[in-house]
Amino acid sequence: MHYFTIIGHRMVKKAKKPKKVKPQLKSEMKETKMEPMKERNTADKTTRNSKTKKGRKKSPICFVVMALVVVVLNYVMAQAAQWLKIPFFLDTWGTMLGAMVAGLPVAMVGGFLYNLVMAFTSWGLDAWVWGFSSLWVAFITWYLWKKKWIDTGNPLKMVLVGVIIALTNAAITLAIKWVFFGGLPTYPGTADTYQLFYTISNGSAVVAAIGEHVLTELADKTMSVFVAAMMLDHLSAKLKKRGRC
Amino acid sequence: MTFVSFEASPQLFVFETFVYLVIIISCLHIFKKTDALYRLSLQKGIRYFSAAFAIFTVCFSLMYLYFLVKFFSGADPMIGLSLIIVSHIALFLGVLGGLYLAYSLVWRRFECDSTACLKSSRLISMITISAVVAIVDMYFYMAKGVSVNLYFYVMMIILGGAILHNWKHHKRKGANLNPFISSAVLSLWIYFGIFIESYVFPFFPTVHYYIWGLLPIVFHAVAHNVTRVIDGNPEEEE
């Protein structure tokens, strides 16, 4: 049963326990006294602080590279989903991964940039507005990650995270669709879903749009958050093995 | 599900192959990991959990074989009967795997000190239940041409009951049995998802993508979870 007590473990680094100090002889203790100890402590503190600062400080090149990685990850999966004609977008998992690995600004910039790239290459210029949805996904993922809700050790909580992201994002995408595209489906993969709800509701475009968005977002975002979190775990494990983490 | 030829829809072939491969590899991975853990711990719950995923591996391999044959042969009546038999063997294994998974949650309540777990009368009864469900479904399929989906009802009731029992026990004892419970809940979701698909599919074929698109994620999540439990460093947590 011992193994099953460690399931709640997170990949987030925990504060290490202070190392046990070997008991010193009384004579040695007298020699060192308090002052040198105080100095040693402050030095240690400053080194740790400077190390943390150094670790957290990101160069602009690093920022740009990270944002571009987010764009590429989103782009590749979106193209695959489009080719497979499946009713998922799969174009937010890169943004989610970016929010977890590199922080909110990188995820927001990467997510918005991806929408601009798609607008200029395949969706049409009007489609840049979907960038606001990516901004929200980046924010909510980052927030839930900070709150430690995203944890692959607890798949049921992950499903809940997927549902939260999906429902909130569905409201935003629905608003964008009504304002900019008249409520009609813009993605060929989800046209069948729209048609189903349209038929069930006896021709109500509002119900059809809501149904299409909620169902698609629920599946898409749950899938994306799982993929992003598991990818992060794999990366962390590999880096840990190499001693870089 | 209406199958089309590979030339007409290479996307469907790619999608199904990806889904089945991820599921089969994940199940095999879970089986190997938990089997190794069982050898170390000799904990019977892990034995049943491991066996469940070994059975699921064979079940999904058969289902993929079924898909491949049907996909490339179209509606050839010569192989129709053998396909029905293969699909019902897969069904039998699917039910048996689910029963093993449910039993891994509640074995403490039923089992005595018997060490030969495979000879246990409970396990023989599980095999019998699976066989009866598969034969009844096959009978209805041959006679009326419609699957009654009996196995979904059986599995949802048994697995749901096992989860509920374990949940209460888990709360009372305060033990952390997350991998067992979450795997069982996710498996319940799989049965429920395929159950929904079987009713909705005739007028909404896209539901197949919604259900089967999530399956590899579910299996991979369970595999990932199990790996973390087994490979995790306990010292790091203390």
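Biologist: Which residues does Val218(B) touch, if we are not counting residues up to four places away in sequence?

Modeller: This is a predicted model, in which local features need a pLDDT of at least 70 and side-chain atom pairs count only at pLDDT 80 or more, while totals for chains, interfaces and linings use all residues. Residues are numbered from 1 along each chain as its sequence is written, chains are lettered from A and ligands numbered from 1 in the order in which they are written, and side-chain values use heavy atoms, with hydrogens and water left out. Taking contact to mean heavy atoms within 4.5 Å, and setting aside residues up to four places away in sequence, Val218(B) touches Leu186(B), Trp189(B) and Ile190(B).

Biologist: Is Val218(B) buried or exposed?

Modeller: Val218(B) belongs to helix H7 (residues 207-231) of chain B, where helices (H or I, at least four residues) and strands (E, at least two) are DSSP runs numbered from the N terminus. Buried means under 20% relative accessible area, exposed over 50%, and partly exposed in between, using a 1.4 Å probe and protein chains only. Because the relative accessible area of Val218(B) is 11%, this residue is buried.

Biologist: What distance separates the C-alpha atoms of Val218(B) and Ile23(B)?

Modeller: Along the chain, these two positions are 195 residues apart.

Biologist: Are H1(B) and H7(B) roughly parallel or roughly perpendicular?

Modeller: Two packed helices are described by the angle between their axes and the distance between the axes. Here, axes are lines fitted to C-alpha atoms, for helices over the stretch in contact, and angles run from 0 to 180 degrees between N-to-C directions. The axes of helix H1 (residues 10-41) of chain B and H7(B) come within 9 Å and cross at roughly 25 degrees. Angles under 35 degrees count as roughly parallel, over 145 as roughly antiparallel, 65 to 115 as roughly perpendicular and the rest as oblique, which makes H1(B) and H7(B) roughly parallel.

Biologist: Is the crossing of H1(B) and H7(B) left-handed or right-handed?

Modeller: A crossing is left-handed if the near helix is turned anticlockwise from the far one by less than a right angle, and right-handed if clockwise. By this rule, the crossing of H1(B) and H7(B) is left-handed.

Biologist: How many helices are there in chain B?

Modeller: Read along the sequence, chain B follows the pattern α-α-α-α-α-α-α-α. There are zero strands in chain B, and the number of helices is eight.

Biologist: How far from Cys59(B) is the nearest cysteine sulfur?

Modeller: A disulfide is a pair of cysteine sulfur atoms within 2.5 Å, and the count comes to zero disulfides over all chains. Cys59(B) is in no disulfide, since the nearest cysteine sulfur, that of Cys27(B), lies at 8.4 Å.

Biologist: Which residues of chain A and chain B does Leu215(A) touch, not counting residues up to four places away in sequence?

Modeller: Leu215(A) is found in helix H9 (residues 205-242) of chain A, and at 29% relative accessibility Leu215(A) counts as partly exposed. With residues up to four places away in sequence left out, Leu215(A) touches Thr193(A), Phe197(A), Phe204(B) and Tyr210(B).

Biologist: What is the phi of Leu90(A)?

Modeller: Leu90(A) has its place in the loop between H3 and H4 of chain A, and counts as buried because its relative accessibility is 11%. Leu90(A) is a residue other than glycine, yet its phi is positive, near 55 degrees.
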